[in-house]
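Visitor: I would like to learn how to read a structure like this one, one feature at a time. Could we look at the model together?

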Amino acid sequence: MSLLIGELAERTGTSERLLRHYERAGLLRPGRLPNGYREYADSDIAAVLRIRALLAAGLPTRIIRRVLPCTTDEVAVQPCPGVLDTLRDQLSALDRRAAQLDAARAVLRDTIAGAEARTDTAPASR
């Protein structure tokens, strides 16, 4: 059975715009009907759900393009060549970003605390 883009969007809870984006990113490869409409296979439902799960895990589409062929319907990743190294690299990048965000949050907390302390001790204006 084949699906049109609207049907795939409805069955996956994904907008048509995002489905077209996934196609441009090389994550989906729909066929084309004679009238130019995109034609998706039933298996594309599972693929879209895997793409969304991998995006939620913080992976950019360029990495998902490499990982997607190594996934199962349950979003489990099989040990394809190079994929584990790619995932480890992405995890390291996320860890670095998390550390940067933690540092920025600490600076912001200190700034707020300092401003609040000055507000508490400031003389009332007339």
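Visitor: Leaving aside its neighbours within four places in sequence, which residues is D42 in contact with?

Guide: A word on the basis comes before the reply: this is a predicted model, in which local features need pLDDT of at least 70 and side-chain atom pairs count only at pLDDT 80 or more, while totals for chains, interfaces and linings use all residues. Residues are numbered from 1 along each chain as its sequence is written, and side-chain values use heavy atoms, with hydrogens and water left out. Contact means heavy atoms within 4.5 Å, and on that reading D42, neighbours within four places set aside, is in contact with M1, L3 and R11. For L3 the C-alpha to C-alpha distance from D42 is 7.0 Å, although the two residues are 39 apart in sequence.

Visitor: Where does D42 lie, and is D42 buried, exposed or partly exposed?

Guide: Helices (H or I, at least four residues) and strands (E, at least two) are DSSP runs, numbered from the N terminus, and D42 lies in the loop between strand 3 and helix 3. Buried means under 20% relative accessible area, exposed over 50%, and partly exposed in between, with a 1.4 Å probe and protein chains only. D42 has a relative accessible area of 35%, so D42 is partly exposed.

Visitor: How many helices and strands are there in the chain, and what pattern does the chain follow along the sequence?

Guide: The chain has 5 helices and 3 strands, and read along the sequence they follow the pattern β-α-α-β-β-α-α-α.

Visitor: In what order do the strands form the sheet?

Guide: Two strands pair if DSSP finds at least two bridges between them. Here 3 strands form an open sheet with antiparallel pairing, in the order 1-3-2, and the edge strands, each pairing on one side only, are strand 1 (2-3) and strand 2 (31-32). Strand 1 is joined to strand 3 (residues 38-41) by 2 bridges, with S2 opposite A41 in strand 3. Strand 2 and strand 3 also pair in the antiparallel sense over 2 bridges, and G31 stands opposite E39 in strand 3. These two strands, strand 2 and strand 3, form a hairpin with 5 residues between them, and G36 in the turn has a positive phi of about 90°.

Visitor: How many residues has the largest nonpolar core?

Guide: A nonpolar core is a set of buried Ala, Val, Leu, Ile, Met, Phe, Trp, Tyr and Cys residues joined through side-chain atoms within 4.5 Å. The largest such core in this model has 22 residues, and those with the most contacts inside it are L19 and L28. The elements giving two or more residues to this core are helix 1, helix 2 (16-24), helix 3 (43-56) and helix 4 (61-67), and helix 3 provides the largest share, 5 residues. Neighbours within four places aside, L19 is in contact with I5, L8, A9, T14, L28, Y40 and V48.

Visitor: Is L8 buried or exposed, and which residues does L8 touch?

Guide: L8, which is in helix 1, has a relative accessible area of 0% and is therefore buried. Not counting residues up to four places away in sequence, L8 touches L3, L19, Y40, D44, I45 and V48.

Visitor: What joins the side chains of T12 and T14?

Guide: A polar contact is a pair of N or O atoms within 3.5 Å; within protein, one must be able to donate a hydrogen and the other to accept it, and residues adjacent in sequence count only if both atoms are side-chain atoms. The side chains of T12 and T14 are joined by a polar contact of 3.2 Å. T12 is in helix 1 (residues 5-12) and, with a relative accessible area of 8%, is buried. Residues up to four places away aside, T12 touches I45, V48, L49 and R52.
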